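User: I have a model open and want to go through it with you. Can we start with the pocket?
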Amino acid sequence: MTPLMKAQTYTLSRRKFLSTLTTAAITSPLLLDSTASVAAQNRKLNHACIGVGGMGWHDLQQFKQHSNVEIVAICDVDATHLKKAAEVLPNARTYTDWRELLQKEGKRIDSVNVTVPDHNHFAIAYRAIGEGKHVYCQKPMCHDVAEVRALTQAAVKAGVITQLGTQIASGKGDRTAVQWIKGGAIGKVKHAYLCSNRPAAIENYRLVGPRPAGGQTPPAHLNWDLWIGTAPMRPYSPEIYHPVKWRAWQDFGTGWSGDIGCHIFDAVWKGLGLKAPKTVVAQVQQAWQDSPERRGDTWPQGDHITWVFPGNELTEATELTLEWFDGAFYPPQQIQELFSGKEYPAESAMLIGTEGALLIPHGGMPVLLPENKFKDYKLAELSERNHYHHFVEACLGGEKTESHFAQSGPMTEAILLGTVALRVPGKVLEWDSDKMKFPNDAQANQYLNRSYRKGWQVGRF
């Protein structure tokens, strides 16, 4: 272990990790004004980008476009990505190891964005929050349920500004949908159907597996040890991990529902004010379920997850059933046909209410159904909002962010409970949020968090 790793390693046992996670911090108000940052006083945000390839390149561009942001440091384990970013940010200091960046830039930065594979989200974001930095983190917040709970609590305790990378949540469409749900436009909600059936997504992002028995020497431009980070060491193999394809593997990604689910859930979660689910159960691709090799390595190429949430004043009953479909699993035909015979949006949410239905296309404007009944319904007067810039303005003393961790953390927990259900298909898992376990299934509990690779353990501050 290098001196840097020794200086920045935190250890925590699984038992202690789970025992310290309570719901108190999540249900308490977000302390948005408790940290008087230098950035707010100077109206300039000194920012560091951790991960600058792929989505990281997009995030960098968004932060770079804000006139009150100075990107002073950039980091990536891939030298080709780092070189490209350095060409557009010649004054930014460059790093390959995020731990070195936080160690050396600690007093010079106000905020970071974490845009790396899911399995390293928690380690980076948790450390940054522990040092009082504002954090923008790509979705999902973390790889594991227990990590999400700990990161949410840490953010609330530290009083830093946070934002989950659910960019569409700041758009006019999702915010309009939230208003309509809260305002009772379709009456009391009876059922919800969410889906992500993006064309070609199965072939391009959801690999069949299993991984090759052997590996190759990583290319010179890629620091494979740092890319692996907290996950178990796996031999490098081209075309199946870096870039992009890592989402297919349980070691690194959270499955299609864990990734895109954060987008599709958001307006429904906020609009209905959902809390932790009571139960969750999953149906999966049969070929995946029948293959022990695939079940231990990859995520299924399609699934249908069903949550039962406690009802409230916005739901028809004391419980609300919410269903998720992706891959080869689609919402029921009768639900799709509610959309006037038009092509049903491949990624969307449909809420069925006592007075009508609400379709929320991913990235589009919501539609009240039947359309003829609601043709005169007043559209909310909302403007478009840049999700990244809203985070910046919050860091500089503005209004709270749309997807702060106290809001998006419990939602991400619920989504990742669905990911756990995928690994024990067909079992109705009962969830005890306070104790953070499934009382009726010990096997499922083992998937709530994982053991980190030696030298990468992370603990609470």
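User: How do the residues lining the largest pocket divide into nonpolar, polar and charged?
Analyst: This is a predicted model. In it, the lining of the largest pocket has 18 nonpolar, 14 polar and six charged residues.

User: And what is the volume of that largest pocket?
Analyst: About 810 Å³.

User: Which residues lie nearest its centre?
Analyst: Gly 53, Gly 54, Met 55, Trp 246 and Arg 247, out of 38 lining residues.

User: Which elements give two or more residues to the lining?
Analyst: Those are α5 (55-64), α8 (121-130), α12 (224-228) and α13 (255-272).

User: Which one gives the most?
Analyst: α13, with four residues.

User: Switching to the whole chain. How many helices and strands?
Analyst: The protein has 19 helices and 14 strands.

User: What share of the residues is buried?
Analyst: Buried residues make up 59% of the 461.

User: Last one, contacts. Of those between residues at least 6 apart in sequence, what share joins residues at least 24 apart?
Analyst: 73% of them do.

Conventions: Residues numbered from 1 in each chain as written. Predicted model: local features only at pLDDT ≥ 70, side-chain atom pairs only at ≥ 80, totals over all residues. Heavy atoms only, no water. 1 Å grid on protein atoms, 1.4 Å probe; cavity = no way out; pocket = protein on both sides within 12 Å on 5 of 7 lines; lining within 4 Å. Points joined across faces, edges and corners; volume = space filled by probe spheres on them. Nonpolar A, V, L, I, M, F, W, Y, C, P; charged D, E, K, R; others polar. Buried < 20%, exposed > 50% of the residue type's maximum accessible area, 1.4 Å probe, protein only. Contact = heavy atoms within 4.5 Å.
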